[in-house]
Amino acid sequence: MTVLVIGATGKTGSAVVDALTARGVKAAAATRTPFLTPHGQPARPRDGVRPVRFDWADRATWAPALEGAEGLYIVGPYAHPTGEQLVGELLAEAGSGVRRVALLSVIGADRLPPEVMMADWERDVRSSGAEWTILRPNWFIQNFGNAFAATLRDKGLLELPAGDGALSFVDTRDIADVAAAALAEDGHAGQVYDITGPQSFTYAEALKILGDAAGRDLTYRAISHEQAAANLRAAGARERSITWQRGLYDLILDGADAPVTDVVERVAGHPARSLAQYAAENAALWRDDEA
Ligand SMILES: NC(=O)c1ccc[n+]([C@@H]2O[C@H](COP(=O)([O-])OP(=O)(O)OC[C@H]3O[C@@H](n4cnc5c(N)ncnc54)[C@H](OP(=O)(O)O)[C@@H]3O)[C@@H](O)[C@H]2O)c1
């Protein structure tokens, strides 16, 4: 079986490629620049991984990328202006050749504003005719080493409109292990998996864990939705993105992101990785070398 992995250099897609190859499943690793790393360096060839060009915005790339794929891991076109339609259109293009699909969605997807597009993608995956599995992970632990890394390193500060809501942050490697199981094994068709880490933390508690690992204080400051929107606008974010981010933070404030599930253990067959483990592995990311 070959699985076409969309977003193959992203936070989940890169881990999905690793998890599939660890199981001996071939991956077609799809990005817009398939022979380069995310840092623009030539990518090293890997056994069992075929780089393919795929661009949500360029339909000429779709059929060649789908060639020979029986499985499909979808990171949807969340930044595309008409992204809500594209997952359904890709599935129509795939036809009956693709027999299994795993869609990356998000925890609480059915309570989010339509700008998030997940409800459209989930609906189209359910009606695709393929064996589908919907993955609804909580906030990624890897955000701390990615979107939030620079402000934590440079200012020791993270400002978010998350109040003191708790989240069961999840490691993207565990999301990938669940995705690989859903694509490679029988028994996951028609399942909607809420994927979480092993424990819930507020952002203040999470930063205490990262700060202890890095040997410095890292501070969380709760801000209002209005302040968050102003910060996003100043950084050039579009109104649609500001609306869907507000929806995501409302879920945290409502307590909807706090529950812990056993999906990783049950589906991937190992305990979910902890925030403390990630912090120990990546402590250098939050050290301020100037200090
Ligand atoms: N962050 C969280 O805490 C969280 C939690 C739950 C769910 N989610 C959902 O996760 C999704 C993001 O997944 P991710 O974090 O794994 O992805 P990501 O790290 O944002 O990576 C995006 C990937 O998509 C590729 N890509 C970008 N634009 C593309 C295009 N036009 N056509 C084809 N490929 C393109 C990128 O490669 P190239 O640029 O090389 O093409 C890269 O491989 C979002 O839908 C988000 O809502 C996020």
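Tutor: Glu 131 is partly exposed, with a relative accessible area of 36%. In this predicted model, the side chain of Glu 131 meets that of Arg 100 in a salt bridge, at 2.9 Å from N to O. Arg 100 lies in strand β5 (residues 100–104) and Glu 131 in strand β6 (residues 131–137), so the bridge ties together parts that are 31 residues apart in sequence. Arg 100 counts as buried, because its relative accessibility is 4%, below the 20% limit for that class.

Strand β6 also holds Arg 136, whose partner Asp 110 sits in the loop between β5 and α4 (118–126), 26 residues apart. The closest N and O atoms of Arg 136 and Asp 110 are 3.5 Å apart. Arg 136 counts as buried at 9% relative accessibility, whereas Asp 110, at 59%, counts as exposed. Both residues belong to a network of salt bridges that also links Glu 122 and Arg 126.

A further salt bridge joins Arg 173 and Glu 281, with 2.9 Å between the closest N and O atoms. Arg 173 lies in helix α6 (residues 172–184) and Glu 281 in helix α11 (residues 275–282), so this pair connects parts that are 108 residues apart in sequence. Arg 173 counts as partly exposed at 26% relative accessibility, and Glu 281 is likewise partly exposed, with a relative accessible area of 43%.

For the protein chain as a whole, the count comes to 24 salt bridges. The chain has 28 positive and 38 negative side chains, and the centres of the two sets lie 3 Å apart.

Notes:
Residues numbered from 1 in each chain as written. Predicted model: local features only at pLDDT ≥ 70, side-chain atom pairs only at ≥ 80, totals over all residues. Heavy atoms only, no water. Lys, Arg positive; Asp, Glu negative; His and termini not counted. Charge placed at Lys NZ, Arg CZ, Asp CG, Glu CD. Salt bridge = Lys/Arg side-chain N within 4 Å of Asp/Glu carboxyl O. Helix = DSSP H or I, 4+ residues; strand = E, 2+ residues; numbered from the N terminus. Buried < 20%, exposed > 50% of the residue type's maximum accessible area, 1.4 Å probe, protein only.
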